[in-house]
Amino acid sequence: MSSSPIQRIGDSVRWADVVIHAGVARWVEVAGDRTQDVRSQVSQVLAQIDDTLPQISSSREHLLQILIYLSDLNDIHILNELWDAWVPRGHAPVRACVQAGMGHDCLVEMIITAAVSQ
Amino acid sequence: MSSSPIQRIGDSVRWADVVIHAGVARWVEVAGDRTQDVRSQVSQVLAQIDDTLPQISSSREHLLQILIYLSDLNDIHILNELWDAWVPRGHAPVRACVQAGMGHDCLVEMIITAAVSQ
Amino acid sequence: MSSSPIQRIGDSVRWADVVIHAGVARWVEVAGDRTQDVRSQVSQVLAQIDDTLPQISSSREHLLQILIYLSDLNDIHILNELWDAWVPRGHAPVRACVQAGMGHDCLVEMIITAAVSQ
C-alpha cells in the first residue's frame, strides 16, 4: 500500500500554511494586518491568496472551493464588491459565506481548496 | 506538469454552481425559495441536491461529506427527520451541523462533496 | 465511466463515521462523553482521532486539514495547549477554528481530512 505524497509549506508548529495532496491544495487565510478594517482585511486575504497560488503551481483559475467566515455578515457587500472584481470570469470556485465568531480583530477568514499541477 | 481538468457548472460571476475535479464534485445549496419555513427550506435543499446529482454522474449513494449550517440549531429535529428519510441506508455521508449566521431569510445551507464517475 | 470506490465505516443511519475515497478520508469527531469540560472534550476528540487513524491506514503525519468549531472561542487557549502537544512537528495539517453554535453540551467539534494508503 502507498499513499500519494503530502507536501507541506510553512514552519509553524501549530498548522501548515498550505498542504498539497493528490493534486489538491488546502489552506486558510486571515489578514496579516488585523488592525485594519474589513475592506482592508478582505483585500489582504485575496492578495495573500494571489501570493500563494504561484508558489504551488496553481492560479485563480484553479480555485475549487472557498469557504468564508465573516465576523459580521453585514460586511458581505464589501466582500462581494472586492470578490467580484477578483474572481476570474468563467472560473469561479464554489463559495459559501457565513457569520462565525473569530479571534479578536479577525474580521474575515477564508478556507481555500485549489487544484495544482502535479 | 499537468493538473486534472476542472469542470464548472453554472454561469454566475460570483460562484460556480458545481466544481468537479479529480473525481470529486463540490457545491453549495441554499433553498431557491427562502420565503418558506425551515421545513420547506430543508426539503428544497435536499431536492436540489437530487436535481444536481444526475447532472454530474453522481447519486445519493456517492455523497462523501455534507456540512450543514442552520440559522437556528433548534431546527435540527426537523432537519434530522427529513434527512433520515432522504439519506440512503448504508451509504450515508459524513455530516457536521452547526449554527451560523446566514443571509436574511436563509435558514439552512449545505456544502456538499460527492464522488463522480470519470 | 467509473468512479473510485467509496469505503464507509460505521453503522449509523444518519451519517458515516468515516468516508474514504480516492486516497482521502473525511470524518467528524465530537467527544464521546459530553458531560465533561472543554479540556476533557478536546482531549477526547484528539484521542478519538488517534483511535480512528490506524483503522484507515493513516496516521497523525497524514492529516491534511482540520476544521474546528468551538462553542466558546475563549476556550482556544485550552485547545491550542492540547493541540500543540498532539500535532507532530513538521507534519501539521491546515487548521481553521471558529466559534459556532453546537448541540447542548457539545463544546468542540472537528472535521478531519486525512490521506490514507491505497
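1. In this predicted model, helices H1(C) and H2(C) are roughly parallel to each other, because an angle under 35 degrees counts as such and the two helices pack at about 30°. H1(C) covers residues 38-55 and H2(C) residues 76-86, and their axes are 9 Å apart. The crossing of this helix pair is right-handed.

2. The residues that bring the two helices together can be named. From H1(C) come Val38(C), Arg39(C), Val42(C), Ser43(C) and Leu46(C); from H2(C) come Ile78(C), Leu79(C), Leu82(C) and Trp86(C). Sorted by class, the contact of H1(C) with H2(C) holds 7 nonpolar residues, with 1 polar and 1 charged.

3. Chain C also contains an open sheet of 6 strands, whose order is E1-E2-E3-E6-E4-E5 and whose pairing is mixed. Strand E1 (6-9) and strand E5 (94-99) of chain C have a single partner strand each and stand at the edges, so one side of each lacks a neighbour in the sheet. On average, and with direction ignored, neighbouring strands are turned by 10° against each other.

4. H2(C) lies across strand E4 (63-70), E5 and E6 of chain C, and runs at about 155° to E4(C).

5. As to the arrangement of the chains, chain B can be laid on chain C by a turn of 120° with a shift of 0.0 Å along the axis, at an RMSD of 0.0 Å. That is the relation of a three-fold axis. The residue of chain B that comes closest to the rotation axis is Ala100(B), with its C-alpha at 3.4 Å. The copies use different surfaces in this contact, since 7% of the contact residues of chain B recur in chain C.

6. The contact between chains B and C takes 27 residues from chain B and 24 residues from chain C. On the side of chain B, the elements that give two or more residues are strand E4 (63-70), helix H2 (76-86) and strand E5 (94-99). The largest share, 5 residues, comes from E5(B). By class, this side of chain B has 15 nonpolar, 9 polar and 3 charged residues.

7. Chain A is superposed on chain C by a rotation of 120° with 0.0 Å of shift along its axis, again with an RMSD of 0.0 Å. Ala100(A) is the residue of chain A that comes closest to the rotation axis, at 3.4 Å for its C-alpha. Here too the copies use different surfaces: 8% of the contact residues of chain A recur in chain C.

8. The contact between chains A and C draws 24 residues from chain A and 27 residues from chain C. Strands E1 (6-9), E2 (18-21), E3 (24-30) and E6 (108-115) of chain A each supply at least two residues of the side that touches chain C. E3(A) gives the most, with 3 residues. This side of chain A divides into 13 nonpolar, 7 polar and 4 charged residues.

Key:
Residues are numbered from 1 along each chain as its sequence is written. Chains are lettered from A and ligands numbered from 1 in the order in which they are written. This is a predicted model: local features need pLDDT of at least 70, side-chain atom pairs count only at pLDDT 80 or more; totals for chains, interfaces and linings use all residues. Copies are superposed by least squares on the C-alpha atoms of residues with pLDDT of at least 70 in both. Helices (H or I, at least four residues) and strands (E, at least two) are DSSP runs, numbered from the N terminus. Ala, Val, Leu, Ile, Met, Phe, Trp, Tyr, Cys and Pro count as nonpolar, Asp, Glu, Lys and Arg as charged, and the others, Gly among them, as polar. Axes are lines fitted to C-alpha atoms, for helices over the stretch in contact, and angles run from 0 to 180 degrees between N-to-C directions. Angles under 35 degrees count as roughly parallel, over 145 as roughly antiparallel, 65 to 115 as roughly perpendicular and the rest as oblique. A crossing is left-handed if the near helix is turned anticlockwise from the far one by less than a right angle, and right-handed if clockwise. Two strands pair if DSSP finds at least two bridges between them.
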